[in-house]
Amino acid sequence: LKFLRSGKGVGVEMIALEQKGDAKSFRAAAEIVRDRTALAVVLMSTDPAALAGALEVLAERKPLLCGATKANLDEMVQLAKKHGVPLAVRGESLEELADLASKAKQGGVEDLVLVPQLGSTGEGLSLLTQLRRLALEKNFRPLGYPVLAITTSDDPVQESLQATVYVCKYASIVVMRGREAWQVLPVLTAR
């Protein structure tokens with residue numbers, strides 16, 4: 001989606017591809033993304049084998065691997081290093097995020113993104129504010145990476161509102177399901 005807003009072109013710059021089925025169907029979806037769009041890509045999966053298959057298709061586009069957790073961190077770090085792609089770490093708390101980011105950096109991945117568990121809009125706003133304050137005011141480096149926020153609301157209007165709040169409050173990347181113009185335009189305007 002692209003819009004002309006106040007004489008300036010704005011638009012969606014990234015597409016997220018989330019694994020819902022097996023590794024083979026995830027790879028096939030990655031091929032469709034490769035063939036149909038030039039947008040940057042986020043590959044979302046906690047299965048390193050499925051991500052490896054999708055990376056074979058999209059490696060030259062340097063997609064963001066989203067799905068490193070405490071259960072799969074070592075495999076995800078190796079995959080990110082092998083292909084020279086950025087890695088997003090997912091944590092259930094700020095402490096877990098900081099620990100995962102530190103371990104990934106020690107493992108040799110420099111390009112990191114943080115994916116906190118945000119919950120409701122209010123909880124997400126509070127957590128993003130805490131995260132940013134720790135990074136900037138307390139100079140806590142493990143939380144000083146860009147943040148990817150994933151919307152959680154099932155209501156399309158609330159999802160658009162949630163995405164807009166996250167853009168205004170410290171999220172570098174926002175992933176949302178809504179793709180209708182009326183849902184995306186407020187988010188792009190706030191950016």
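Author: In this predicted model, helices α2 and α3 are roughly parallel to each other, because their axes cross at roughly 15° and angles under 35 degrees count as roughly parallel. Helix α2 spans residues 48–58 and helix α3 residues 73–83, and their axes come within 10 Å. The crossing of the two is right-handed.

The contact is formed on the α2 side by P48, L51, A52 and L55, which meet E75, M76, L79 and H83 of α3. By class, the residues of this contact comprise 6 nonpolar, 1 polar and 1 charged.

As to the sheet, it is open and has 5 strands with parallel pairing, in the order β3-β4-β5-β6-β7. Strands β3 (14–18) and β7 (112–116) stand at the edges, each with a single partner strand, so one side of each has no neighbour in the sheet. From one strand to the next, the twist averages 25°.

Within the sheet, β5 (residues 64–68) pairs with β6 (residues 87–91) in the parallel sense over 3 bridges.

Helix α1 (residues 23–36) lies across β3 and β4 (40–44) and runs at about 165° to β3.

Methods
Residues numbered from 1 in each chain as written. Predicted model: local features only at pLDDT ≥ 70, side-chain atom pairs only at ≥ 80, totals over all residues. Heavy atoms only, no water. Axes fitted to C-alpha atoms, helices over the stretch in contact; angles between N-to-C directions. Helix = DSSP H or I, 4+ residues; strand = E, 2+ residues; numbered from the N terminus. Parallel < 35°, antiparallel > 145°, perpendicular 65-115°, else oblique. Left-handed = near helix turned anticlockwise from the far one by under 90°. Contact = heavy atoms within 4.5 Å. Nonpolar A, V, L, I, M, F, W, Y, C, P; charged D, E, K, R; others polar. Pairing = 2+ DSSP bridges.
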